[in-house]
Amino acid sequence: GVQWLEPTPQERELWGWALGRVGYAVILIALYVGFYYNVIIAWSLYYLFSSFTLNLPWTDCGHAWNSPNCTDPKLLNGSVLGNHTKYSKYKFTPAAEFYERGVLHLHESSGIHDIGLPQWQLLLCLLVVVIVLYFSLWKGVKTSGKVVWITATLPYLVLFVLLVHGVTLPGASNGISAYLHIDFYRLKEATVWIDAATQIFFSLGAGFGVLIAFASYNKFDNNCYSSGKLQILTCRFLQGTRQQSGCMSPRLREAPGTPGPGPEVQIDPHSCTPPHLVPLQMGGMEAVITGLADDFQILKRHRKLFTFGVTFGTFLLALFCITKGGIYVLTLLDTFAAGTSILFAVLMEAIGVSWFYGVDRFSNDIQQMMGFKPGLYWRLCWKFVSPAFLLFVVVVSIVNFKPLTYDDYVFPLWANWVGWGIALSSMVLVPVYIVYKFLSTRGSLRERLAYGITPENEHHLVAQRDVRQFQLQHWLAI
């Protein structure tokens, strides 16, 4: 079985920076994401149950949830849409009405102030998701590692079948060509880079503590270099899968740039859940549980009970997202819970490791693990490229913020303030911790600053006035 290994002194140094100041922020972000990602998986389950019929409910009109304006998609043409209205924005197709009226019951809510009660169909689906999630996590990586083999591979089989079906549909070549068309002029827009950075973090789980949580079960001399190359291949594979899922529907080319999961569900209900969604969700919850259990031994001794408490807590808060106005709550969380906040957390991690701890010492730690240092390319990226890019996207995401909307619905001002409160609740933990450590440490101003930026096993050097971080050589080292 998998066994937790006590950290070495080198690991303790690094964890002091990576987790001491940012760890709780990352855990809180992962917890926020768990509130609404379970709901998206519950939607997928609802679609699965709804497909157990000869006549798929999202392919034609005439159902109880359809409006008088419901229009067969085969009848849609340029004159009907008009004014450059995209298919993904046309709300009267059977797929769109099944999603918004049959699943969400959005037409029964007037806004985020009128969300109503949870819907029993989605409640049952959400309950199934949470139960599966609990039994996938209750014994740690012993169970979650095995479950991921199924949740990470089965969707690819389904995607392949849907891809074959999609490319055989009429007009598929035109749709795929338009979907894969690259508009290089949009690269000058800052929002494109922000969306790309956020997508990478969601796809790979970087910054959510997922990789740290699972890596903590490795031996100290584990070959992280091979794991890193595998991670790069995984990155390319996941983005290729994203392109594959986009090609499943000739009309899915219109989804990019449309916020939220709605367009994919409306245009092609089969692609409701991205293939990386379930593994990421289990990894995110594993990061929350492992991170807190490692810090509080009482939680580690009662892991099963603690896991139940976390999953049940996410279930209760997810109830707000399965109400008749729940999509507004989900949109708010999707925008603020892990947008700017996760970019900020990763920025703090990059600065803490590369600048305060030092790229040279980080490279020496890796050399002790593998027998050789990382190349100059990686060291330059860690110290300059990554922090600079992350700082850019964090600043731009704040400066370019626009009031939250869902299609034509404009969120009230108070909802935007609530959203920023959620985002700041995780980001503020970093400066609060820094102020706390500065005020609670004894000594002169210089000594308190030295204690704050020095690993714990080097605190004896502060009294000797031999602080590495006060030397120019430390900041220039690569």
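Let's start with how helices α2 and α4 sit against each other. They are roughly perpendicular, because their axes cross at roughly 110°, and angles of 65 to 115 degrees count as roughly perpendicular. Keep in mind that this is a predicted model.

Where are these two helices? Helix α2 covers residues 23–50, and helix α4 covers residues 94–103. Their axes come within 13 Å.

Now, which residues meet there? From α2, we have W43, Y46, Y47 and S50. From α4, we have F98, Y99, G102 and V103. By class, this contact has six nonpolar residues and two polar ones. Charged residues are absent from it.

H105 is in the loop between α4 and α5, and α5 spans 120–137. Look at the backbone here. The phi of H105 is near 55°, a positive value, and this residue is not a glycine. Why point that out? Because most residues other than glycine have a negative phi.

There is another case further along the chain. D407 has a positive phi of about 55°, and D407 is not a glycine either. Where is D407? In the loop between β1, residues 405–406, and β2, residues 409–410.

Last topic: the surface. Find helix α7, residues 154–167. V161 is in that helix. V161 also belongs to a nonpolar surface patch.

Definitions and conventions: Residues numbered from 1 in each chain as written. Predicted model: local features only at pLDDT ≥ 70, side-chain atom pairs only at ≥ 80, totals over all residues. Heavy atoms only, no water. Patch = residues over 30% accessible without salt bridge, like charges linked within 9 Å, V, L, I, M, F, W, Y side chains within 5 Å. Areas by Shrake-Rupley, 256 points an atom, 1.4 Å probe, with all protein chains shown as cover. Salt bridge = Lys/Arg side-chain N within 4 Å of Asp/Glu carboxyl O. Helix = DSSP H or I, 4+ residues; strand = E, 2+ residues; numbered from the N terminus. Axes fitted to C-alpha atoms, helices over the stretch in contact; angles between N-to-C directions. Parallel < 35°, antiparallel > 145°, perpendicular 65-115°, else oblique. Contact = heavy atoms within 4.5 Å. Nonpolar A, V, L, I, M, F, W, Y, C, P; charged D, E, K, R; others polar.
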